[in-house]
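Colleague: Let us read a few features of a structure together. Please give the cut-offs as we go.

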Amino acid sequence: SSSAFMETRLEIMQDKNPDAELRHKWVAYQKISNELKLALIAAEDARFVDHEGFDWEGIRKAYEKNLKKGRIVAGGSTISQQLAKNLFLSTKRTPWRKLEEAAITVMLETVMDKRRILEIYLNVIEWGDGIYGCDAAARRYFGTPAADLSPEQAAGLAGMIPNPRRIHPELSPARFARAQKRVLWLMAQAGYIKRDLGSLGAEPPAEPAGDPDAPA
């Protein structure tokens with residue numbers, strides 16, 4: 001029903017407004033559109049079904065990208081790693097946090113199957129200030145339950161995840177549109193949806209920078 005990250009954000013919100021509440025509603029896996037599940041895998045963790053918690057190739061590419069840019073622009077975290085941080089760790093940076101994250105990731109992958117990991121992830125991830133879980137996000141931004149999301153809507157939600165308080169359809173429509181187009185491109189490339197890649201561009205739009213304060 002909650003996570004360490006949700007509790008931290010609620011405390012911050014209530015410091016400004018004591019009556020503040022999170023928008024959050026748990027929905028079962030079968031009540032979440034397949035389009036959203038595929039959009040998240042395409043955008044966040046293409047090897048999700050095959051790895052055991054860590055995508056070493058993704059980590060290598062993220063390291064090379066960060067080295068080239070001279071700053072952190074990519075994280076390389078898998079869905080399992082992101083869930084580990086969201087569920088159990090605070091946003092406070094500590095020298096041993098990565099070790100804690102790794103230990104929790106191994107635990108999650110040991111005791112849960114991929115479907116359960118993805119179900120929990122979809123229900124606790126942040127989708128805007130005070131908005132958690134895919135059903136709350138779907139209703140907030142598109143006026144529809146998570147079960148009825150279209151590919152375009154699913155791509156939009158998946159595109160928000162690296163920085164959901166900045167990649168926002170209301171606060172930054174152009175940035176949101178670029179992120180959405182990037183996820184549609186990745187979904188089409190993976191064969192999850194039928195789209196003409198030519199109409200989406202020869203390459204996907206640049207990956208949006210993540211939120212350095214977010215657990216994802």
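**Surface and interior**

Modeller: F88, M107 and V111 make a nonpolar surface patch of about 300 Å². The model is predicted: local features need pLDDT of at least 70, side-chain atom pairs count only at pLDDT 80 or more, and totals for chains, interfaces and linings use all residues. Residues are numbered from 1 along each chain as its sequence is written, and side-chain values use heavy atoms, without hydrogens and water.

Colleague: Which residues can patches be made of?

Modeller: Those with over 30% relative accessible area and no salt bridge; nonpolar side chains (Val, Leu, Ile, Met, Phe, Trp, Tyr) are joined within 5 Å, like charges within 9 Å. A salt bridge puts a side-chain nitrogen of Lys or Arg within 4 Å of a carboxyl oxygen of Asp or Glu. Areas are Shrake-Rupley values with a 1.4 Å probe, and for residues only the protein chains shown count as cover.

Colleague: Where is M107 placed?

Modeller: In helix α5, residues 97-111. Helices are DSSP runs (H or I, at least four residues), strands likewise (E, at least two), numbered from the N terminus.

Colleague: Why does M107 count as partly exposed?

Modeller: Buried means under 20% relative accessible area, exposed over 50%, partly exposed in between (1.4 Å probe, protein chains only). M107 has 39% relative accessibility, so it counts as partly exposed.

Colleague: Why is helix α2 called largely enclosed?

Modeller: Because eight of its 11 residues (34-44) are buried. Among them are L36, K37 and E44. The buried residues of α2 pack against α4, α6, α7, α8 and α9.

Colleague: Is E126 buried or exposed?

Modeller: E126 is buried, at 4% relative accessible area. Its side chain makes a polar contact with that of R165 at 3.0 Å. A polar contact is a pair of N or O atoms within 3.5 Å; within protein, one must be able to donate a hydrogen and the other to accept it, and residues adjacent in sequence count only if both atoms are side-chain atoms.

Terms used. Contact = heavy atoms within 4.5 Å.
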